[in-house]
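Hi everyone, thanks for making time. I'd like to walk you through one structure today, so let's get it up on the screen.

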Amino acid sequence: MRAFVNNERPEGARKGRKDTLRPATKRDGYATDKGRTRMTQRLIGLMSGTSRDGVDAVLVEIEGDGSLRTAGHCHLPYPDALEEDLAAAATAEALRFEHLGTLDARVGLFLSRAVQQLLGSTGLKAQDILAIGSHGQTVHHAPGADPAFTWQIGDPFRIAEATGIDVIAHFRQRDLAAGGEGAPLACAFHAAWLGHPSETRAILNLGGIANLTWLEPGQPVRGCDSGPANTLMDGWTRRHLGQPYDADGAWARTGHIDRPLLEQLLADPYFQRPAPKSTGPEHFSPHWLRQVGGERLDRLNTEDVQATLVELTVEGVRLTLESLRTTAPDRVIVCGGGAHNGYLMERLQSQLAGSTVETSEHHGIPPQQVEGAAFAWLAYRHLQHEAGNLPEVTGARGPRILGCRIPGRAPEST
């Protein structure tokens, strides 16, 4: 299979419904009509990212011509007790089997609730949904371990049992088994739906961790995780303000960027590593911030640290773009929760002055729905027996069908 090349324009911002997206190309294996019926297929994507703020459930409709639209969305915040247990699991050096098993079941039941809430809000029933694509909640991602592994919890069997809908889950593991990083996996979706035939674009997802997809016309897709985003900013906000996040970056805006602290943080070897690479909050954790920031953290005003963490995210993005690109992107399209942080968006535009920085809302899909839609799409590709990874991004030995299918409906008795 040849490299996935971005070479045709998607029509996500065309006349008509602004949330209808059409594939960037129908010749690259990522938007074929092979084996598809002409009827509308509905899937649900579940995404619970490294920021651990809750679950996004996104309803996606895929038409017979390959076009896609998001037709419903709900965000279900984690209860405080569950969020705290997930945060502890992600940073713990050891966990009891009982603790991890219980947490897996609790997250699976919570994901089921998100599906049921989305069905209720859209008036649909289980039989209206082809499948659920569930990414799960990452508790540890270790592509550099020997052997490499990645662990997402949120028992998909419980989701299938509770909803009666087929579930596709465990997407990362196959790419990792094939020698890849197992992440980022949304790059194929970004390329298929947000590419352009003449405009160089970077798709920037600002979740707990930031990841980039580089889309240059006529060139293979590239991408990787650029470093921390909301995971450190949200953690610092919870610790010092008792709030889940810094709304619109208002608190950070009152601070001043501390360049010595920023240089200390940017000295982490991850920022100099070439792609393919991926990371998570198990590395960029509060413990990492304390260890690397040292005494300087105690000498600074808390709002100055927050402003510096925003700049750390921006610098990670800038450095990654420099390593991936042969030219500045014409456009940086931002999705994920960080797209709602006004101060962060301003700093990105300031540091990427040669590019237009805007959210995915301008291109047919709200920022909070992009990653959920991506896993609905990856579930669809699994059912179509089509590859979901991009070896050029993850470093895998080749394209692979991602995930495994768990039937939701009990077999009919004979």
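Let's start at Pro147, which sits in the loop between β5 and β6 (149–153). Helices here are DSSP runs of H or I with at least four residues, strands are runs of E with at least two, and both are numbered from the N terminus. The bond joining Asp146 and Pro147 is a cis peptide bond, with omega about 0°.

Before I go on, a word on what you're looking at: it's a predicted model, where local features need pLDDT of at least 70 and side-chain atom pairs count only at pLDDT 80 or more, while totals for chains, interfaces and linings use all residues. Residues are numbered from 1 along each chain as its sequence is written, and side-chain values use heavy atoms, with hydrogens and water left out.

Back to the backbone. Most peptide bonds are trans, and most residues other than glycine have a negative phi. Ala183 to Pro184 is another cis bond, with omega near -10°, and Pro184 is in the loop between α4 (172–177) and α5.

What about phi? His170 is not a glycine, yet its phi is positive, about 60°. You'll find His170 in the loop between β7 (167–169) and α4. Asp248 also has a positive phi, near 60°, and that one lies in the loop between α6 (230–241) and α7 (250–253). For accessibility, buried means under 20% relative accessible area, exposed means over 50%, and partly exposed is in between, using a 1.4 Å probe and protein chains only. His170 has 32% relative accessibility, so it counts as partly exposed, and Asp248, at 42%, counts as partly exposed too.

Now, is helix α5 mostly covered or mostly open? Covered: α5 runs over residues 187–194, and eight of its eight residues are buried. Among them are Phe189, His190 and Trp193.

On to the rings. Phe, Tyr and Trp rings (for Trp, the six-membered one) pair if their centres lie within 6.5 Å; planes under 30 degrees apart are stacked, over 60 edge-to-face, and the rest tilted. How many aromatic pairs does a search of the whole structure find? Eight. Take Tyr78 and Phe110: the ring centres are 5.1 Å apart with the planes at 40°, so this pair is tilted. Tyr78 is in the loop between β4 (68–77) and α1 (80–91), while Phe110 is in helix α2 (residues 97–122), so the pair ties together parts 32 residues apart in sequence. Both partners are covered: Tyr78 is buried at 6% relative accessibility, and Phe110 is buried at 5%.

There's also a cluster, in which ring pairs link Tyr270, Phe271, Phe284 and Trp288. Over the face of Tyr270 lies Lys277, 4.4 Å from the ring centre. The rule there is NZ of Lys or CZ of Arg within 6 Å of the ring centre and within 35 degrees of the ring normal.

Last stop, the second largest pocket. The largest share of the lining, three residues, comes from β5.
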